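Biologist: Please take a close look at one part of this model. Then connect that part to the rest, with the cut-offs stated.

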Amino acid sequence: MDSVIESAQGGVVTAGPAAATDAATDSGVEPTTDLMAVLMGAVELARAALVEFCGEPAIGEYLGAGFEDTTAATHRFLANLPGYRGWQWAVVVAAYPGAEHATISEVVLVPGPTALLAPTWVPWEDRVRPGDLSPGDQLAPPPDDARLVPGYSASGDPLVDETAVEVGLGRRQVLSEWGRAGAAQRWHDGEYGPNSAMARSTRRVCRDCGFYLPLGGALGSMFGVCSNELSADGRVVDAEYGCGAHSDTPAPPGSGSPLYDPYDDGVLDLTEN
């Protein structure tokens, strides 16, 4: 009778004894012909072990077998379990050289290639994304946040440092140089940066716009806030960002002027027939 061998790619092929030997050799496992026949012929033994373990209704069709090493093989059956669609029962059988029958080593439920699996676990602190914060939510910074430094230390931003001295170091923490650089990179690469679709559609940039309010401190040379209510109102924009609502945008030519001569019916002579 032909043997059913599970390929290394997870597929199942039907093959005779010669092909089974080739499959074993390709996988680096070379059991003897007699031992191979014992291991591959243990299908009913594997099924009986499953029946004892989980009951007949939980066992589906036979899917095939593959060698674990020169003395062991794994027989697989489709699992008929609610919530485990695509999973398989794997029954490992073993036999020593010269043995006339195999013995059961292990019975385990494993996911098949089409099994529905839970997504990879992501720690809570890595799951929170920009935009997730809602009214009433509390989101504390992580301990030793690299974006923040104590208020009594220099942040590297002259305006911030000078102001802190004047007001007596009123803030417990201020933005670090690393945190400032990270914010600048996000703003530069974001929706209101020079590489956005809006910015690429115009030649005018924010730094020359009357609606552009530069930020104070070290970030003021690169970023400001848009005050145009019809554009990026209230948003931090890159100085190289631009839009069609720039203060220097000219009015379209020909506004309010007809493109044809007016038709005046008052100059016509009317006659009666």
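**From the cysteines to helix α3**

Modeller: Cysteine 209 is buried, at a relative accessible area of 14%. Buried means under 20% relative accessible area, exposed over 50%, and partly exposed in between, with a 1.4 Å probe and protein chains only. This is a predicted model, where local features need pLDDT of at least 70 and side-chain atom pairs count only at pLDDT 80 or more, while totals for chains, interfaces and linings use all residues. Residues are numbered from 1 along each chain as its sequence is written, and side-chain values use heavy atoms, leaving out hydrogens and water.

The criterion is a pair of cysteine sulfur atoms within 2.5 Å. By that rule, the count is 0 disulfides. The closest cysteine sulfur to that of cysteine 209 belongs to cysteine 206; at 6.2 Å, it is too far for a bond. Cysteine 226 is in no disulfide either, as the nearest cysteine sulfur, in cysteine 243, is 6.2 Å away. Cysteine 226 also counts as buried, at 11% relative accessibility.

The chain has 7 helices and 11 strands. Helices (H or I, at least four residues) and strands (E, at least two) are DSSP runs, numbered from the N terminus. Of its 273 residues, 31% count as buried. The accessible surface of the chain is about 18,800 Å², and 55% of that belongs to carbon and sulfur atoms. Areas come from the Shrake-Rupley method with a 1.4 Å probe; for residues, only the protein chains shown count as cover. Contact means heavy atoms within 4.5 Å. Among contacts in the chain with a separation of 6 or more, 48% join residues 24 or more positions apart.

Which residues of α3 are buried? They are Val43, Ala46, Ala49 and Leu50. These residues cover an arc of only 130° around the axis, so they sit on the same side of α3. The arc is taken from the directions from the helix axis to the C-beta atoms. Their cover includes α2 (33-40), β3 (59-69), β4 (72-79), β5 (87-94) and β6 (103-111). Glu44 and Glu52 are exposed, on the face of α3 turned away from its buried side. Glycine 55 follows α3, with a positive phi near 95°.

Leucine 45 also lies in helix α3. At 34% relative accessibility, leucine 45 counts as partly exposed. Leaving out residues up to four places away in sequence, leucine 45 touches Ala102, Thr103 and Ile104. Leucine 45 and alanine 102 are 57 residues apart along the chain, and their C-alpha atoms are separated by 8.1 Å.

A pair of aromatic rings is described by the distance of the centres and the angle of the planes. Rings of Phe, Tyr and Trp (its six-membered ring) pair if their centres lie within 6.5 Å; planes under 30 degrees apart count as stacked, over 60 as edge-to-face and the rest as tilted. The whole structure holds 5 aromatic pairs. One of them joins phenylalanine 53 and tryptophan 89, edge-to-face, at 5.8 Å centre to centre and 80° between the planes. This pair links distant parts of the chain: helix α3 holds phenylalanine 53, strand β5 holds tryptophan 89, and 36 residues separate them. Phenylalanine 53 is exposed at 53% relative accessible area, whereas tryptophan 89 is buried at 5% relative accessibility. Tyrosine 84 and tryptophan 87 also pair edge-to-face, at 5.2 Å centre to centre and 85° between the planes. Tyrosine 84 is partly exposed at 35% relative accessibility; tryptophan 87 is buried at 16%.
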